Amino acid sequence: MNNIITMALQRLPLTLLIFSSLCCSSFSSSHEDPPYVNDLLEMPGHDSQAYPSYFNIIKEDDFHLESKISNLKRLDDRDNPATSAETVNVSYLGAKGDGTDDTEAFKKAWERACSSSKGGILVVPKSSNYHLKPIRFSGPCKSSITVQIYGTLQASSDRSDYDQDRKHWLVFDSVENLSVQGGGTIDGNGNIWWQNSCKINKALPCKEAPTALTFYKCNNLILKNLKVQNAQQMHVIFDTCTNVQASSLTVTAPAKSPNTDGIHVTNTQNIQITNSVIGTGDDCISIVSGSKKLQIKDITCGPGHGISIGSLGSENSEAYVSNVVVNGAKFSGTTNGVRIKTWQGGSGTASNIKFQNLEMYDVTNPIIIDQNYCDQDKPCKEQSSAVQVKNVVYQNIKGTSASDVAIKFDCSKSFPCQGIVLQGISIARGAGKVAKAVCSNVKLTDDGAVSPLCP
């Protein structure tokens, strides 16, 4: 009885928080959005039994992110040949697709498609390789727009072409109702950048390298059925976007290519990433501050560093990530499985996160929370402040660990991890050996069969 009372008291603050957020949900949109606890629990595949009873006060209704993304069906309908949208083929504007520079033809094609009041369809023909310098496809456009990539876009390998902006290659900036698709390939041609990385050659100074494909301030966005490969640095970034569907993507780079995250999400909300295969030299998917309401489903990850929330709180910064569901993923030979990583000295929260239905095959760190993350040559200074990690559920995670430690919770002494729930965990060392859990400064609940257990 004493244990039950103690657990109830520990859970009372979260109950009050959830009740408060629900009561405030009728506020004007000019107010700061409340925590999306309700939407987190309504994600497809949610099992209320995976959460302690303090989550059960939330009414469960069908939740479909698609219903919150306006115009997406209309965007897909533009594949219909009967559409009245204006079609602009880059080859008609001078693109040759023979390895010579086609940058100007693509700029002209974008200007024409974007300026069409009927909606524009920019077509990149198949069986051609279009050589491109950095391009910014800027909005706003007069109507919705589709980019149909059937062929291959290949980045210039001349690093001097990026002197004006070393951070980007292809950028879609401030475009509403945008669809990028078609089954083609976006090739960052990154080998020359990797060779000149300080992570490959320690004698070289550390310099920025371009992201292959960036979406900045894009609302109502579809990215689907494309291959993105060999990025100079990160492959795909969603930055300050709202209402995003990314699906049926293949994102690849060599395992030793430096900092080549597959999909990076920053300051973005209402996003689905589904049915994709990602294998790179860094995180398959990375989620950083300002991001909320993410659904990640049916992902194959490896090689790479797994699916990471963070890093958060670097250089004593404030960071917030909330309402993330990872439902259905397979990790093969990755450095990490699902990871939350924060720097000492930061502030803010990473909260309301669920990892469920995951398979791990020879993963070095299958489950890890690291609040002492330090990615620098010199040891990081010990600091008392930290990004608070709370309300994280791990459910139905099975497989093998490549190291002795299958579960590691290295949490802050000043801001311990709170509301961590493990349910249905079975991770072995490999070859039938027993793995172990290493847990410090964590408030943890085990529900059902869990192996390995925190001591």
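Student: Is Trp343 buried or exposed?

Tutor: Buried means under 20% relative accessible area, exposed over 50% and partly exposed in between (1.4 Å probe, protein chains only). Trp343 has a relative accessible area of 14%, so it is buried. Keep in mind that this is a predicted model, where local features need pLDDT of at least 70 and side-chain atom pairs count only at pLDDT 80 or more, while totals for chains, interfaces and linings use all residues. Residues are numbered from 1 along each chain as its sequence is written, and side-chain values use heavy atoms, leaving out hydrogens and water.

Student: How many aromatic pairs are there in the whole structure?

Tutor: Rings of Phe, Tyr and Trp (its six-membered ring) pair if their centres lie within 6.5 Å; planes under 30 degrees apart are stacked, over 60 edge-to-face, and the rest tilted. The search finds ten such pairs. One of them joins Trp343 to Tyr373, edge-to-face, at 5.4 Å centre to centre and 90° between the planes. Strands (E, at least two residues) are DSSP runs numbered from the N terminus. Trp343 belongs to strand E21 (residues 336-343) and Tyr373 to strand E23 (residues 365-373), so their pairing ties together parts 30 residues apart in sequence. Tyr373 is buried too, at 15% relative accessibility.

Student: Why is the pair of Phe355 and Tyr394 stacked?

Tutor: Their planes lie at 25°, with ring centres 5.3 Å apart, so the pair is stacked.

Student: What is in contact with Phe355, leaving aside its neighbours within four places in sequence?

Tutor: Contact means heavy atoms within 4.5 Å. Tyr394 is on the list for Phe355, and so are Ile309, Val326, Val338, Ile340, Val392, Val393, Gln395 and Ile397.

Student: Why is strand E6 largely enclosed by the rest of the structure?

Tutor: In a regular strand the side chains alternate between the two faces of the sheet. In E6 (residues 145-149), five of the five residues are buried, so the rest of the structure largely encloses this strand. Ile145, Val147 and Ile149 cover one side, with Thr146 and Gln148 on the other, all of them buried.

Student: Which strands pair with E6?

Tutor: Pairing needs at least two DSSP bridges between two strands. Strand E3 (residues 120-124) runs parallel to E6, joined by five bridges, and Val123 has Gln148 as its bridge partner in E6. E6 also pairs in the parallel sense with strand E9 (residues 176-181), over four bridges; there, Leu178 is the bridge partner of Ile145.
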